[in-house]
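Please view the structure below before reading on.

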Amino acid sequence: MNAPFQMFNNNTAQTLPMLHSHNLFSMGREIRILHEGEEYRLRLTRNNRLILTK
């Protein structure tokens, strides 16, 4: 089983998590993100570009 993210080392002291878009969009082409009480939508376009809207 794959984790929803992996740790990415960018050759600095900081290690960042990396999320794979195929995991995020496994149930559709749009997801909702709740951030500080506000809802955002992340959409995958026909051209495989990402659009984030409030």
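Glu36 lies in the loop between β3 and β4; strands (E, at least two residues) and helices (H or I, at least four) are DSSP runs, numbered from the N terminus. The model is predicted, so local features need pLDDT of at least 70, side-chain atom pairs count only at pLDDT 80 or more, and totals for chains, interfaces and linings use all residues. Residues are numbered from 1 along each chain as its sequence is written, and side-chain values use heavy atoms, with hydrogens and water left out.

**Loop residues**
- Glu36 has a phi near 50 degrees, a positive value in a residue other than glycine.
- Glu36 counts as exposed at 74% relative accessibility (buried means under 20% relative accessible area, exposed over 50%, partly exposed in between, with a 1.4 Å probe and protein chains only).
- Asn48 belongs to the loop between β4 and β5, and its phi is also positive, at about 60 degrees, although Asn48 is not a glycine.
- With a relative accessible area of 59%, Asn48 is exposed.
- Most residues other than glycine have a negative phi.

**The sheet**
- An open sheet is formed by three strands in the order β3-β4-β5, with antiparallel pairing; two strands pair if DSSP finds at least two bridges between them.
- Its edge strands, β3 (30-35) and β5 (50-53), each pair on one side only.
- Strand β4 (residues 38-44) pairs with β5 in the antiparallel sense over four bridges.
- Leu44 stands opposite Leu50 in β5.
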